[in-house]
Amino acid sequence: MRGVTVRLLVVAGVVGLSLAGCSSSPSGEPPRETASVSSSAPKPAPKPAVLSLAPAKDAKDVAPGEPVSVTVKDGKVGDVKLTGADGKVVAGKARADGSGWDSAEPLGYNKTYKLTAAATGADGKAVTAESTFSTVKPARQLGVSVNLGEGETVGVGLPLIFTFTGNVADKAAAEKALKVTAEPATEGAFRWSGDKQVTWRPKEYWKSGTKIKVDAAVYGKPLGNGSYGREDKGASATVGDKLVAVADGGSHQMTVTINDKEVKTMPTSMGKPGHNTPQGTYTVMSEHTGYTMNSATYGVPEDAPGGYSTFVQYAVRLSYSGIFYHSAPWSVRQQGHSNVSHGCLNLSTENSKWLMDTSKKGDIVTVQNSGGPKLEPTDGWSVWQLSWDEWRTAAN
């Protein structure tokens with residue numbers, strides 16, 4: 001019996017240890033119950049709507065090109081009305097998610113407006129707010145033009161040139177107002193030439209087929225020193241075939257490629273000694289049928305020694321300084337053999353007509369081996385004379 005008793009005690013001890021291991025309570029105490037989180041905790045009370053209006057109440061000298069807006073927190077926008085002192089209502093539109101309202105047309109200069117807005121809060125209650133403000137009376141208004149016509153087909157080298165009617169003091173603000181978009185997306189950058197003109201150039205030649213859209217949204221935008229934009233300008237264009245003409249002063253030939261395939265070689269004559277054609281990459285600026293070439297354009301009166309005034313049938317401008325390619329029937333015998341012009345690229349009437357009919361604004365004409373100076377990047381649209389790193393270096 002003693003042996004049996006021992007075994008029972010051992011078993012009892014093991015069971016006791018097992019029970020102790022399953023419980024976090026001291027031996028002999030009932031396990032504690034864990035408090036459960038009630039699923040019926042009170043929810044926060046719905047909040048009232050908070051309206052924010054911009055411009056703020058009694059604001060003065062507001063730029064009329066900046067948007068007027070209403071923003072709602074903890075609610076949804078209701079009726080909004082923006083009215084001028086003359087009673088005219090300014091168009092606007094509520095945001096699709098109800099979070100606010102934005103004006104859809106610009107304001108006038110030196111005008112007073114009243115903005116009233118309503119909203120309904122998450123608590124179901126209506127709130128209202130209003131703001132009366134006035135717009136700036138500008139010291140001057142600046143217009144802007146761009147070298148792009150609506151619906152044009154342009155060449156792969158075209159820079160986009162924005163010219164203001166007066167000096168722009170805040171260049172960063174001007175650049176922000178000038179939008180250039182392209183499909184496919186194209187990397188590019190602005191560069192200023194003086195205080196009135198800024199040019200946007202792609203990093204590399206445009207790809208044929210690219211859709212370009214320019215939006216000079218300067219109206220009502222501050223441009224520095226009391227100047228504001230006068231009106232917006234915009235245009236859309238398409239990049240056509242890649243045409244590049246290379247004129248060689250050594251061989252006296254011009255070779256034309258379209259989409260990187262050679263299509264025509266024609267004899268040419270360029271600047272004679274003392275009038276050597278500048279070397280570099282030009283961009284076609286404009287085309288003319290019936291044009292008078294006049295030495296006065298580069299400072300030599302037509303009646304002075306070396307001066308001239310000559311009518312030509314076809315002429316295409318390549319620079320501000322008066323470099324063209326043009327029809328020159330008087331030099332056909334020299335074309336392909338020697339350089340006899342005052343700096344222009346002479347072609348036969350037939351060849352100049354073909355090239356002008358085939359090419360377009362923004363095409364590339366490169367002059368090499370002419371013996372002339374390096375083409376200045378500011379002479380015409382000769383932006384490709386600068387590397388991309390040079391282009392992005394600020395200039396004035």
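Me: Why do Lys 114 and Glu 130 count as a salt bridge?

Reply: The closest N and O atoms of Lys 114 and Glu 130 are 3.9 Å apart. The cut-off is within 4 Å, for a side-chain nitrogen of Lys or Arg and a carboxyl oxygen of Asp or Glu. The pair passes, so it is a salt bridge. Keep in mind that this model is predicted.

Me: What makes this pair a link between distant parts of the chain?

Reply: Lys 114 sits in strand 6 (residues 112–121). Glu 130 belongs to strand 7 (residues 126–134).

Me: Why are Lys 114 and Glu 130 called partly exposed?

Reply: Lys 114 has 39% relative accessibility, and Glu 130 has 45%. Buried means under 20%, exposed over 50%. Both values fall in between, so both residues are partly exposed.

Me: Is Lys 361 buried or exposed, and how do you know?

Reply: Lys 361 has a relative accessible area of 17%. The limit for buried is under 20%, so Lys 361 is buried.

Me: What is the partner of Lys 361 in a salt bridge?

Reply: Glu 152 is the partner, with the closest N and O atoms 2.9 Å apart. Glu 152, at 25% relative accessibility, is partly exposed.

Me: Why does this pair tie together separate parts?

Reply: Lys 361 lies in the loop between helix 3 (349–358) and strand 27 (364–368), while Glu 152 is in strand 10 (residues 152–154). They are 209 residues apart in sequence, so the pair ties those parts together.

Me: How many salt bridges does the structure hold?

Reply: It holds eight. One of them joins the side chains of Asp 102 and Arg 95, at 2.9 Å from N to O.

Me: Which residues touch the most other members of the largest nonpolar core?

Reply: Leu 148, Leu 160, Phe 162, Phe 164, Leu 178 and Ile 212 do, in a core of 30 residues. Several elements each supply at least two core residues, including helix 2 (171–177) and strand 12 (178–183). Strand 11 gives the most, with four residues.

Me: What makes strand 23 and strand 26 edge strands?

Reply: Strand 23 (286–294) and strand 26 (345–347) each pair on one side only. They belong to an open sheet of four strands, in the order 23-24-25-26.

Me: How do you know that strand 25 and strand 26 pair?

Reply: Three bridges join them. Pairing needs at least two, so the two strands pair. They run parallel.

Definitions and conventions. Residues are numbered from 1 along each chain as its sequence is written. This is a predicted model: local features need pLDDT of at least 70, side-chain atom pairs count only at pLDDT 80 or more; totals for chains, interfaces and linings use all residues. Side-chain values use heavy atoms; hydrogens and water are left out. A nonpolar core is a set of buried Ala, Val, Leu, Ile, Met, Phe, Trp, Tyr and Cys residues joined through side-chain atoms within 4.5 Å. Buried means under 20% relative accessible area, exposed over 50%, partly exposed in between (1.4 Å probe, protein chains only).
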